Amino acid sequence: MFGFDYYRKGVDLAIEALSEIINEKEDVCLLISLSSNKDFVLSKIRKRFNTIPDWIKILELRNDIVTYYHLSDAFLSPSRSEGFCNSLVEGAYCEIPLIASKIPNDKYSLFFLLKKKGKWN
């Protein structure tokens, strides 16, 4: 997930949801790619857990973002609001499963991609 805007991008929602299902036997890791606000995001996570849990990994910004999609089993977009969500389109293009908030613009982002790939009638 992309989490430079902690609240709008739903980093808090993702952390809370995953913290409910994490246990020692689960192989779950939340990868959060940040282009800015790293200290703020880390402070919010530390405030919630008193540390950065092992199952949360903060990724550095990189030019070939496709690498992050290919490292992932799924792309999580728990955003509270979006314009045109490029990250959902990128994740779908990389053919990984998508988990997204039910917000209007996410639906239009996916419609655009599926229509372009001929998978939407």
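User: Which residues are buried in helix α1 (residues 11-21)?

Analyst: This is a predicted model, in which local features need pLDDT of at least 70, side-chain atom pairs count only at pLDDT 80 or more, and totals for chains, interfaces and linings use all residues. Residues are numbered from 1 along each chain as its sequence is written, and side-chain values use heavy atoms, with hydrogens and water left out. Helices (H or I, at least four residues) and strands (E, at least two) are DSSP runs numbered from the N terminus, while buried means under 20% relative accessible area, exposed over 50% and partly exposed in between (1.4 Å probe, protein chains only). In α1, the buried residues are Val11, Asp12, Ala14, Ile15 and Leu18.

User: Which elements are included in what covers the buried residues of α1?

Analyst: Contact here means heavy atoms within 4.5 Å. The cover includes one helix, α2 (38-49). It also includes the strands β1 (30-33), β2 (56-59) and β3.

User: What distance separates the C-alpha atoms of Leu88 and Met1?

Analyst: Leu88 sits in helix α4 (residues 86-93), where the buried residues are Ser87, Leu88, Val89, Gly91 and Ala92. Leu88 counts as buried because its relative accessibility is 0%. Along the chain, Leu88 and Met1 are 87 residues apart, yet their C-alpha atoms are separated by 9.8 Å.

User: Is Ser79 buried or exposed?

Analyst: Ser79 is placed in the loop between β3 and α4. Leaving aside neighbours within four places in sequence, its contacts are Arg8, Lys9, Gly10, Ser101 and Ile103. Because its relative accessible area is 3%, Ser79 is buried.

User: How much space lies in the largest cavity?

Analyst: On a 1 Å grid over the protein atoms alone, a cavity is a set of points where a 1.4 Å probe fits but cannot get out, and lining residues have an atom within 4 Å of a point. Points are joined across faces, edges and corners, and a volume is the space filled by probe spheres set on them. The structure holds one cavity of 30 Å³ or more. The space in the largest cavity is about 50 Å³.

User: Which strand gives the most to the lining of the largest cavity?

Analyst: The lining consists of Met1, Phe2, Lys9, Phe75, Leu76, Ser77, Pro78, Ser79, Glu82, Cys85 and Ser87. Three of its residues come from the element that gives the most, strand β3.

User: In what order do the elements of the protein run from the N terminus on?

Analyst: The protein has five helices and four strands. Of its 121 residues, 35% are buried, and among contacts between residues at least 6 apart in sequence, 57% join residues at least 24 apart. From the N terminus on, the order is α-β-α-β-α-β-α-β-α.

Terms used:
1 Å grid on protein atoms, 1.4 Å probe; cavity = no way out; pocket = protein on both sides within 12 Å on 5 of 7 lines; lining within 4 Å.
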